Amino acid sequence: MINITINFTPRQIVSPGYLLAEGKYEVGENVYKENDKFYSTVIGLAELRNNTIAVIPLRGLYIPSVGDLVIGKIIDVIPTAWILDIRAPWNAILFAKEFLTKPLNVLKEDIRSYLDVGEMVIAKVTSFDRTKNPLLTAKGQGLGKVQKGMIIEVNPTRVPRIIGKKGSMISLLKKETGCQIYVGKNGRILISGKSREDEILVSEAIKKIELEAHIGGLTDRIKDFLIKRR
């Protein structure tokens, strides 16, 4: 008799070497097999799809938390909501009532006339428990559709360093360039300046912070970098 066992719940976080399952399954990404036993090779989220065992690596992915500011990209539209990519293992949902200032008449209005696939939105996470897709709101100061500026992406683990202690690093970037900068916890950053050159300068400084976050004296180096480039 063949032993068939699943040792994880959907989207459970597992570590390298974790015994995921036993039985006649297919090997997916970040999984290896020994004698019909399936093990994870990375820290990530375990899943079973179409009889395939796989693990989605957590490194570089954003794990939502209620209250987080995120910048999402609309990837799909349903009659009363938008589906957004927030660089997480889960897509997020933005209901029309959490964006519009008036009720949506689904019989007379096309929700795409307000936001469509490919557009970007600054939002906050209002609900998430790992068993359902995160819910967002785009109502509030500084939230809503991105109208202008440049969006770059960094590793979400570098976001605290880009912000700095008590906001020191982000304040430096704003002061030296005059740009408005919105940092999403999901590693997307909106830079809006008076010129494209200013936006590019900030993006280059942020990439420098991301690459050199582990080296001491970073704030002084970034300040010198900005002064020399202006």
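Trainee: Which strands each supply at least two residues of the lining of the largest pocket?

Mentor: In this predicted model, at least two residues of that lining come from each of β14 (144-145) and β17 (188-192).

Trainee: And which residues line the largest pocket?

Mentor: The lining consists of I122, G142, L143, G144, K145, V146, Q147, K148, Y182, L190 and S192, and by class these residues divide into five nonpolar, four polar and two charged.

Trainee: How much space lies in there?

Mentor: The largest pocket holds about 160 Å³ of space. As for the idea behind such a search, rolling a probe the size of a water molecule over the atoms shows where empty space is left.

Trainee: Switching to E199, where is it found, and is it buried or exposed?

Mentor: E199 is found in helix α3, and because its relative accessible area is 6%, under the 20% cut-off, E199 counts as buried.

Trainee: What is E199 in contact with, leaving aside its neighbours within four places in sequence?

Mentor: With those neighbours set aside, E199 is in contact with G149, M150, C179, I191, S192 and G193, and one of these, S192, is also among the residues that line the largest pocket.

Trainee: Now α4, please: how many residues does it have, and what distance does it reach?

Mentor: Helix α4, which runs over residues 218-229, has 12 residues and reaches 16 Å from its first C-alpha to its last, close to the 16 Å expected at 1.5 Å a residue.

Trainee: Which of its residues are buried?

Mentor: The buried residues of α4 are L218, I222, F225 and L226. Seen down the axis of α4, the buried residues fall within an arc of 95 degrees, so they line one face of the helix.

Trainee: What do those buried residues pack against?

Mentor: They pack against α1 (159-163), α2 (168-177) and α3 (196-212), and α3 is the helix in which E199 is found.

Trainee: Which residues are exposed on the other side of α4?

Mentor: On that other side, D220 and K228 are exposed.

Trainee: Stepping back to the protein chain, how many helices and strands does it come to?

Mentor: Its secondary structure comes to four helices and 17 strands, and the C-alpha atoms fill a box of roughly 70 × 55 × 25 Å, taken along the principal axes.

Trainee: What share of the residues is buried, and what share of the contacts joins residues 24 or more positions apart?

Mentor: Of the 230 residues in the protein chain, 43% are buried, while residues 24 or more positions apart account for 58% of the contacts with a separation of 6 or more.

Definitions and conventions:
Residues are numbered from 1 along each chain as its sequence is written. This is a predicted model: local features need pLDDT of at least 70, side-chain atom pairs count only at pLDDT 80 or more; totals for chains, interfaces and linings use all residues. Side-chain values use heavy atoms; hydrogens and water are left out. The expected span of a helix is 1.5 Å times one less than its number of residues. Buried means under 20% relative accessible area, exposed over 50%, partly exposed in between (1.4 Å probe, protein chains only). The arc is that of the directions from the helix axis to the C-beta atoms. Contact means heavy atoms within 4.5 Å. On a 1 Å grid over the protein atoms alone, a cavity is a set of points where a 1.4 Å probe fits but cannot get out, and a pocket is an open set with protein on both sides within 12 Å along at least five of seven lines; lining residues have an atom within 4 Å of a point. Grid points are joined across faces, edges and corners, and a volume is the space filled by probe spheres set on the points. Ala, Val, Leu, Ile, Met, Phe, Trp, Tyr, Cys and Pro count as nonpolar, Asp, Glu, Lys and Arg as charged, and the others, Gly among them, as polar.
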